[in-house]
Amino acid sequence: MQQSETLMKSKKIKRVNALLVKKFGIPKRNGLPNPLDLLIATILSQNTNDNNSYKAFQNLKSCYKSWDELLDEKRSAIKSRIRIAGLAEQKSAAIKNLITELHKKNDLGLLSIKQLENEQAIEQLTAHKGIGVKTASCVLLFALDRNVCPVDTHVHRTTNRIGIAKEKTPDKTFFALNQNFPEGIAHSFHTNLIRLGREICKPTKPSCGICPLLKVCDFQDKNLNGKTTGEKREFMLLDNVDVKGETSNVKGQM
Ligand code: SF4
């Protein structure tokens, strides 16, 4: 990418961030959770909503004193505890495999990734079966406080509509978006874009008429007549995995 394009992209990201902060505020953070808690919560969040993955995480966490107890646990037991989050077969396999591999490396605290640059950390985390770029980048942002913007379906759709990215898949958007990402705003940008995608810039019939980004958005098929349901959807699982390794409403013992 040319230097002038990079500068324009960076300027647009900052402008979009400022408009989203004006609309939704600066998203709250509860501190930095344990990276393994965050990783397991993110695996549970794949293809479901935050409320269900939050319940699945609570169920799982409240059953064990430490994650290494999963080493000897039957997969059927893990599956039944996380069923509410859907895809229990795949998610239980990914969790069990992850714990087994980290235990072999004596790295259940994921201390090794703390020493790595973002790209290497993503490479190391995605080497585990069932962990993709989005999950790995969530660990970097939410548990390690790196200035990295994970890209889920909402962030992919909205950034491509706005004209910050021009990519076909969330992973391609992630690598394009995170080249020279402006300092210090990844958490706010990521979290508020998800909220925008849930409440206003929905997959079909976005409510452009009430969108705070109307004037800066490049989307050709704006829907100026669209109305929202007025529904607020601000609960974010990954901002509610507590810093002590406990979820907000559960007395976990890890
Ligand atoms: S103007 Fe419309 S398409 Fe653009 S971000 Fe807002 S809701 Fe989405």
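Predicted model: local features only at pLDDT ≥ 70, side-chain atom pairs only at ≥ 80, totals over all residues.
Residues are numbered from 1 along each chain as its sequence is written.

Asn47 sits in the loop between helix 2 and helix 3 (50-62), where helices are DSSP runs of H or I with at least four residues, numbered from the N terminus. The phi angle of Asn47 is near 55°, which is a positive value in a residue other than glycine. Asn106 also has a phi near 55°, again positive and again in a residue other than glycine. This residue, Asn106, belongs to the loop between helix 5 (88-104) and helix 6 (111-114), and it counts as exposed because it has 9 C-beta neighbours inside 10 Å.

Another loop residue is Gly25, which lies between helix 1 (3-24) and helix 2 and is exposed, with 12 other C-beta atoms within 10 Å.

Is Thr42 buried or exposed? Thr42 is part of helix 2 (residues 35-45), and it counts as buried because 25 C-beta neighbours lie inside 10 Å. If we leave aside the neighbours within four places in sequence, Thr42 is in contact with Thr135, Cys138, Val139 and Leu238, where a contact means that the C-beta atoms of two residues, placed from the backbone, lie within 7 Å. Thr42 and Leu238 are 196 residues apart along the chain, and yet their C-alpha atoms are separated by 7.3 Å.

Now for the domains. The protein chain is divided into domain 1 (3-28 + 149-237) and domain 2 (35-144), with bounds that come from an automatic or database domain assignment. Taken over C-alpha atoms, the centres of domain 1 and domain 2 are 27 Å apart. Twelve residues of domain 1 are in contact with eleven residues of domain 2, and on the domain 1 side the elements that give two or more residues are helix 10 and helix 11 (186-199). That side of domain 1 divides into eight nonpolar, two polar and two charged residues; here Ala, Val, Leu, Ile, Met, Phe, Trp, Tyr, Cys and Pro count as nonpolar, Asp, Glu, Lys and Arg as charged, and the others, Gly among them, as polar.

Helix 10 (residues 170-177) also packs against helix 9 (residues 153-162), at an angle of about 65° and with their axes 9 Å apart; the axes are lines fitted to C-alpha atoms over the stretch in contact, and angles run from 0 to 180 degrees between N-to-C directions. Thr153, His156, Thr159 and Asn160 of helix 9 make this contact with Pro170, Thr173 and Leu177 of helix 10, and these residues divide into two nonpolar, five polar and no charged.

Finally, which residues are the closest to the ligand? They are Cys201, Pro206, Cys208, Cys211 and Cys217, in a shell of 14 residues, where a residue is near a molecule if its C-beta atom, placed from the backbone, lies within 6 Å of it. By class, that shell has ten nonpolar, two polar and two charged residues.

Definitions and conventions
Buried ≥ 20, exposed ≤ 12 C-beta atoms within 10 Å, placed from the backbone.
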